[in-house]
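Here's a quick briefing to read with the model open. Have a look at the structure first, then go through the notes below.

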Amino acid sequence: MKLIKSLVVATAISTLTVTLLSANDDLVKEGEKIFNTKNLGNCLACHDVNGKKIDGPGSMGPKLQALKYWPDEALYNKIYDPYTDNPISQMPAFGRNGWLSDSEIKAVVAYLKTVE
């Protein structure tokens with residue numbers, strides 16, 4: 001009986017893990033689309049990204065690298081309103097200005113967390 005319970009629990013955990021990974025993959029793909037789409041985030045207009053092939057990255061902003069080590073909240077806040085910690089930033093406040101929704105910013109953060 002213990003073996004059956006253990007197998008049921010292991011199967012449930014495996015299914016949940018696969019579902020969560022799939023949902024995260026979808027969020028990363030959405031974030032990548034926002035990052036690269038001119039009438040959405042258009043982040044590539046200013047940023048190159050370490051380890052990612054981007055068609056025509058800009059050079060106004062810094063090259064994005066090692067973002068997988070940043071806390072999610074720090075990345076979110078930087079996109080929402082970069083002036084909070086850098087009052088002379090040239091980056092637009094995508095969230096504060098209403099250009100990107102909360103869910104869109106979270107998708108971009110998921111994508112940025114894949115940057116090494």
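Helices (H or I, at least four residues) and strands (E, at least two) are DSSP runs, numbered from the N terminus. This is a predicted model, where local features need pLDDT of at least 70, side-chain atom pairs count only at pLDDT 80 or more, and totals for chains, interfaces and linings use all residues. Residues are numbered from 1 along each chain as its sequence is written, and side-chain values use heavy atoms, with hydrogens and water left out.

**The loop between H1 and H2**
- Lys-52 sits in the loop between H1 and H2, and so does His-47, with helix H1 spanning 2–36 and helix H2 72–80.
- His-47 has a relative accessible area of 12%, so it's buried (under 20%; exposed is over 50%, partly exposed in between, with a 1.4 Å probe and protein chains only).
- Lys-52, at 26%, is partly exposed.
- The His-47 side chain reaches the backbone oxygen of Pro-62 at 2.7 Å.

**Who touches whom**
- Contact means heavy atoms within 4.5 Å.
- Leaving out neighbours within four places in sequence, His-47 is in contact with residues including Phe-35, Ile-54, Leu-64 and Met-91.
- Not counting residues up to four places away in sequence, Lys-52 touches Tyr-111, Thr-114 and Val-115.

**Aromatic pairs**
- Rings of Phe, Tyr and Trp (its six-membered ring) pair if their centres lie within 6.5 Å; planes under 30 degrees apart are stacked, over 60 edge-to-face, and the rest tilted.
- The count comes to three aromatic pairs.
- Phe-35 and Tyr-111 have ring centres 5.3 Å apart and planes at 55°, so they're tilted.
- Both Phe-35 and Tyr-111 are buried.

Terms used
Polar contact = N/O pair within 3.5 Å; in protein donor to acceptor, adjacent residues only side chain to side chain.
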